Amino acid sequence: MTFSPELETRLETLMRSCPPGREASALIPMLLYAQDETGALTSEVVEEVARRLGITPLQADEVISYYSMLRRRPAGRHHLQICTNVSCMLRGGQELYGHACKRLGIRNHEVTADGEFSLEEAECLGACSWAPAMLVNYDYHQDMTPEKLDRLIDSLEKKH
Amino acid sequence: MLYNQPSPLEVKVLTRRFGLPDSQSLDTYLATEGFQGFRRALEMKPEEIIGEVMASNLRGRGGAGFPAGMKWSFVPRASSKPKYIVVNGDEGEPGTCKDRLLIENDPHQLIEGMLIAALAVGAAAGYIYIRGEYRRLIEIMDRAIAEAYRKGYLGENILGSGLRFDVYTHSGAGSYECGEESALLESLEGRRGVPRIRPPFPAVAGAFQCPTVLNNVETLCAVPAILRDGGAAFAALGTPKNGGTRLFCLSGHINKPGVYELPMGFNLLRMIDEVGGGVWKGKKLKAVIPGGSSCPILKASECDLAMDFDTVAKARSMLGSGGVVVLDEDTSIVSLATRVMRFYQHESCGWCVPCREGTTWLRKLLERFHAGHGTLADIDLMGDLARNMLGRTFCPLGDAAAMPMISYVEKFRGEFEEYLNRTPGGPLGRVTIDG
């Protein structure tokens with residue numbers, strides 16, 4: 001299993017940020033950064049990260065099943081997380097999420113057949129004052145409307 | 001980046017650099033009194049620094065409102081173990097969106113706050129734990145840290161003082177529970193975010209079982225101004241025992257939602273009307289969640305109060321994390337309760353039974369009720385279930401789910417009863433139950 005030089009540097013930095021002998025502390029960010037590059041935490045990726053930290057793949061698996069952003073199967077190239085928690089719900093977050101389901105033809109935690117889009121009904125994203133809010137991968141889109149969402153998906157489709 | 005217009009009623013202490021050109025850079029920071037608090041702290045004894053923070057009446061901005069100076073004083077300086085500063089940037093309490101602005105607009109202020117805390121307790125390293133969704137903020141923080149190293153504000157022999165301090169960012173990966181301090185420490189150490197049994201508290205056995213100061217982003221961002229201008233000056237901005245300003249996040253049914261820095265003790269109704277431009281669409285105020293979704297709801301008639309920790313506590317709610325959620329007269333409390341409980345059930349780590357089972361059953365009850373299949377007995381059961389969770393869990397998540405639930409059925413019982421007589425779906429439409 002080989003990673004890109006950028007990811008290798010990132011993983012080394014993360015391990016160095018831990019006190020000596022405590023390298024396994026870097027597990028969660030290491031998994032997340034690795035997943036960003038590989039698309040999913042396949043057994044191969046998990047075994048490699050676990051090996052570097054001197055833990056068992058099972059110990060890594062325990063952690064993966066806890067955190068909502070860590071995933072064993074790939075998401076779409078554009079992963080849409082739409083918040084429907086309180087502040088967003090009060091300003092149309094549920095309607096926005098419903099619109100995304102219809103537009104993309106998928107439901108929560110599903111991926112479009114072409115692998116381009118995936119959808120997740122998210123818990124609070126920390127953008128409550130600019131609700132409803134959503135994420136495309138790591139980029140925030142705030143004060144959303146169904147029309148703005150359509151335009152956003154249009155622009156992402158053009159990026160093929 | 002600023003996402004809302006500032007209000008003329010704001011008192012800008014922590015947010016004074018927001019909107020300045022290049023506010024993320026160390027040059028801008030230094031040109032605007034940056035690191036003056038730290039320079040002052042370098043000439044003080046550790047107990048004097050802690051004394052200054054105590055005099056400021058700064059209380060934890062993550063939600064608990066514990067006096068920050070007292071928290072620092074619990075760290076055993078004499079311990080031979082390394083000491084750590086851990087910053088809680090997990091920001092997950094629904095209604096709260098302030099820490100991200102402090103990191104995005106003024107990352108060096110946080111670094112300076114950590115350095116002052118390090119001097120006070122004798123720490124040599126600090127970790128900034130930031131929720132995984134905030135990747136762009138982690139990148140901003142990483143750039144600011146790198147700049148501080150290059151220019152001698154981090155690393156060895158800082159400003160020629162002999163002090164050594166290292167700072168690292170640490171990404172979360174999606175978990176509300178990791179905003180709870182002991183779960184955060186578990187996550188920082190590479191494990192599931194399950195809370196620890198306390199005592200020992202983090203001040204004695206925190207990160208890597210070493211003495212640790214664990215503060216919210218906003219708490220530490222207030223520290224440079226306290227050391228620069230003095231604790232008394234900061235305290236004078238607020239009300240007795242509630243020093244300074246805080247960042248209030250206005251959201252929900254309000255004309256000008258946004259994050260505003262206001263003095264502690266600012267009147268809630270005035271905040272809604274004069275800072276937030278009033279309830280939207282000319283509607284009447286129904287209720288307010290004063291400090292994030294874990295706080296008991298306040299009816300409109302209870303909202304004429306000073307927003308400080310003690311006054312809101314006297315009103316049997318909490319100032320919490322500063323997330324002020326405004327609800328207009330058309331809001332369905334049944335829909336609100338259903339969505340809120342779905343959240344807590346989703347986020348319960350599952351370790352202790354009252355929380356795991358309590359949130360699950362409350363969610364099931366509420367979803368059934370919301371779908372139009374409730375009974376009168378369900379309303380009592382919701383309150384009973386929630387009261388039996390209170391104080392019976394290892395961490396505050398169980399209470400965070402139970403307290404608002406109790407307030408919904410106590411204060412809006414009539415609405416629950418009325419809901420029984422209606423077809424499914426309130427004014428907000430049906431809550432989608434998916435996944």
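**Cavities and aromatic contacts**

Trainee: How do the residues lining the largest cavity divide by class?

Mentor: They are nine nonpolar, three polar and three charged. Here Ala, Val, Leu, Ile, Met, Phe, Trp, Tyr, Cys and Pro count as nonpolar, Asp, Glu, Lys and Arg as charged, and the others, Gly among them, as polar. This is a predicted model, where local features need pLDDT of at least 70, side-chain atom pairs count only at pLDDT 80 or more, and totals for chains, interfaces and linings use all residues. Residues are numbered from 1 along each chain as its sequence is written, chains are lettered from A and ligands numbered from 1 in the order written, and side-chain values use heavy atoms, without hydrogens or water.

Trainee: What makes a space a cavity, and how many of 30 Å³ or more are there?

Mentor: On a 1 Å grid over the protein atoms alone, a cavity is a set of points where a 1.4 Å probe fits but cannot get out. The count comes to four cavities of 30 Å³ or more. The largest has a volume of about 110 Å³, the volume being the space filled by probe spheres set on the points. It has 15 lining residues, with Leu2(B), Asn4(B), Lys12(B), Phe18(B) and Val259(B) closest to its centre; lining means having an atom within 4 Å of a point.

Trainee: Now the rings. Why are Tyr140(A) and Tyr134(B) called a tilted pair?

Mentor: The whole structure has 17 aromatic pairs over all chains. Rings of Phe, Tyr and Trp (its six-membered ring) pair if their centres lie within 6.5 Å; planes under 30 degrees apart are stacked, over 60 edge-to-face, and the rest tilted. Tyr140(A) and Tyr134(B) have centres 6.2 Å apart and planes at 55°, so the pair is tilted. Tyr140(A) lies in strand E4 of chain A and Tyr134(B) in a loop of chain B, so the pair joins two chains.

Trainee: How do you know whether Tyr134(B) is buried or exposed?

Mentor: Its relative accessible area is 2%, and buried means under 20%, exposed over 50%, partly exposed in between (1.4 Å probe, protein chains only). Tyr134(B) is therefore buried.

Trainee: What makes Arg100(B) lie over the face of Tyr140(A)?

Mentor: The rule asks for NZ of Lys or CZ of Arg within 6 Å of the ring centre and within 35 degrees of the ring normal. Arg100(B) lies over the face of Tyr140(A), at 4.7 Å from the ring centre.

Conventions
On a 1 Å grid over the protein atoms alone, a cavity is a set of points where a 1.4 Å probe fits but cannot get out, and a pocket is an open set with protein on both sides within 12 Å along at least five of seven lines; lining residues have an atom within 4 Å of a point. Helices (H or I, at least four residues) and strands (E, at least two) are DSSP runs, numbered from the N terminus.
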